[in-house]
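Subject: Handing over the two-chain model

Hi,

Here is the structure I promised to pass on to you. Have a look at it first, and then read on for what I found.

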Amino acid sequence: MTLEMLFDMALVGAVVVAAAYAINAPVLIAGVFVYIVFGVLLSLVWVRLGAPDLAIAEAAIGAGITGAIVLDAARQMGMERRRNPRLRRWPGWLSWAATAAVGVIFAGVFLTVSEGRGDLPQRVQAELPRVGVENEVTAVLLSYRGYDTWFEVGVLLVAALGVLALRAPGESPARRFRWDPPAVADGAADMLVPGGILMAGYLLWQGSRGPGGAFQAGAVLAAIAVLLTLLGRPPIARVSDRARDALLVVGFADFLLVGLVAVTLGGALFEYPPAWAAPMILVIESAVAVSVAVTLSLLFAAGGAAGDASEGGVP
Amino acid sequence: MTTFGIYAVGAALLLTIGIRGALRRKHLLRRILALNIIGGGAFLFLVLLGYRESGEAGPDPVPQALVLTGIVVAVSISSFAIVIARRLNARTGRTELPEEGLD
C-alpha cells in the first residue's frame, strides 16, 4: 500500500464519519458544527481529485454560507423535545438490512464503472482557443453549457423570490442583530472587509485563466455581507427594495442580454464571436457575481427574519 | 484498491448515510443536512467519472462544471427549505412535521 492510498483512505474515512455524525449527533448544534467540517473535508477531496474550482466553491458556499445559514437556524430550532427522535416505521434490524442493501447496490454499481471514458476533455481542449478563456471549467460553464449556467442563475433568483414572497407583510428581510459587538470584532471586520472585496475581485478576474470565477467571487462577497450582518450593519439594509431587486435580477438579465448580443452577431444563443468572447464572458461573470452575492446574503438574512422577527435576536 | 475505488466506495457510503438520515430522522434541520450529504455523495461520484488516474490529459472539466452548478443549486434549495422550516418553528414551535399514527 502506498502513502497516497493511505491518505485517500484516511480522507474518505474522515468525510464519511463526519457525514454520519452530522446527521446523527445526539445534540443538533454539534452535528451542525461537524457538517461544516464535512464541507471543508469535501473541499480537500476536490483538491485531491484535481478540481480546484470546486474546492474554492465548496469551502466558500458548501461549508461557509450553508454552514452559517444552518448554524443560525440551529440557534433557533436547536431544542428537541426528546433527544434526536427518529421515525420507527420499521424494526431496527429491517432498516439496517435495507440500509446495507442500498449501500451495497451503490458501491457495486459505482465500482463497475471505469474512470476516464469518453473524449469530452479532448473536445473541450480543441475548442478552447475560440472561447476566449483558458480555464476549462469556466469555458464549460459560460460558453459550452451556457444554458445550464443561465438557468442555474435563474434557480438562485427563484430562491430569492421565494423567500421574499414568504415574508410576513411589512417584514424586512434585512435582519439586524441588536447587540453591541465588541470593539475587537468591529475592528477585525474593518480589516477583513476590504481584503475580502479584493479577494472577490481577484477570483473574478482570475476565473478566466485559473481556478476561480463568478460563483466563488460572489460567495466571498456574500461571506462579507454575513459578517457585517452579524455585527449589526447588514449591507442589504443600505439599499432600497427596488435597488435590491435590481441587483438580484442583474445576473440573470445580463447573461441573457449578452447571449442575445451573440445572436445578433450571427451566432447561436451564448455562442460568442471569438474576437469578443473574453470581454463578453467577463461582463456576464461580473453581473453574475453581484447577483450571487446579493442572493446568498438575502437568503442568510431571510432565515433570521423568518425565525426571530419578534424575539430580537442576539447571536 | 485504486484511488477511483476508494472514492467510489466513499460516494456510495455518503449516499447511503444521507438516505438513511433523510428517512429516519424527524428534526427538519437534520433532514436538510441529510439531503445535502446525499448531494455530496452524488457530486463526488460525478467528479470521479472525470478523474484521470494517469495519462497526459487533465481531469474532465465537464462534470466539474456540472457539480459547481450543483453546489450553487444545493445552497439555494437548502436555504429556501430552512426559511420555511424556521417560519414553521416560529409560528407553531415545531421542529418536525406532524405525522399521524407514528411516534
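**What I found**

In this predicted model, the centres of domain 1 and domain 2 of chain A, taken over C-alpha atoms, are 26 Å apart. Domain 1 covers residues 1-117 of chain A, and domain 2 covers 120-315. Where the two domains meet, domain 1 of chain A contributes 13 residues and domain 2 of chain A contributes 18 residues. On the domain 1 side of that contact there are nine nonpolar, two polar and two charged residues.

**Confidence**

The complex comes with an ipTM of 0.93 and a pTM of 0.91. For chain B the mean pLDDT is 89, with 91% of the residues at 70 or more.

Chain A has eleven helices and zero strands. Its C-alpha trace spans about 65 × 55 × 40 Å along the principal axes. Of the 315 residues in chain A, 42% are buried. Among the contacts in chain A with a separation of 6 or more, 75% join residues 24 or more positions apart.

One helix of chain A to look at for burial is H6(A). The buried residues of H6(A) include A:Glu136, A:Thr138 and A:Ser143, along with A:Val137, A:Leu141 and A:Tyr144.

Chain B has three helices and zero strands. The C-alpha atoms of chain B fill a box of roughly 60 × 25 × 15 Å along the principal axes. Its radius of gyration is 18 Å, whereas a compact globule of 103 residues would have one near 13 Å. Even so, 63% of the 103 residues of chain B count as buried. In chain B, residues 24 or more positions apart make up 50% of the contacts with a separation of 6 or more.

**Where the chains meet**

**The nonpolar core**

The largest nonpolar core has 128 residues, and within it A:Ile65 and A:Ala219 touch the most other members. H11(A) supplies the largest share of this core, 19 residues. Because domain 1 (1-117) and domain 2 (120-315) of chain A both give residues to the core, it lies between them.

What does A:Ile65 touch, leaving out residues up to four places away in sequence? In chain A the partners of A:Ile65 are A:Ala60, A:Ala219, A:Ala222, A:Ala223, A:Leu296 and A:Phe300, and in chain B there is B:Val75.

**One residue in close-up**

Is A:Ala159 buried or exposed? A:Ala159 has 26 other C-beta atoms within 10 Å, and the cut-off for a buried residue is 20 or more, so A:Ala159 counts as buried.

Setting aside its neighbours within four places in sequence, A:Ala159 is in contact with A:Thr295 and A:Leu299 in chain A, and with B:Ser76, B:Ser79 and B:Phe80 in chain B. A:Thr295 lies 136 residues from A:Ala159 in sequence, yet their C-alpha atoms are 8.2 Å apart in space.

That is what I have for now; over to you.

Best wishes

Key: Residues numbered from 1 in each chain as written. Chains lettered and ligands numbered in written order. Predicted model: local features only at pLDDT ≥ 70, side-chain atom pairs only at ≥ 80, totals over all residues. Domains from an automatic or database assignment. Contact = placed C-beta atoms within 7 Å. Nonpolar A, V, L, I, M, F, W, Y, C, P; charged D, E, K, R; others polar. pLDDT = per-residue confidence, 0-100. Core = buried A, V, L, I, M, F, W, Y, C linked by C-beta atoms within 7 Å. Buried ≥ 20, exposed ≤ 12 C-beta atoms within 10 Å, placed from the backbone. Helix = DSSP H or I, 4+ residues; strand = E, 2+ residues; numbered from the N terminus. Rg over C-alpha atoms; globule rule 2.2 N^0.38 Å.
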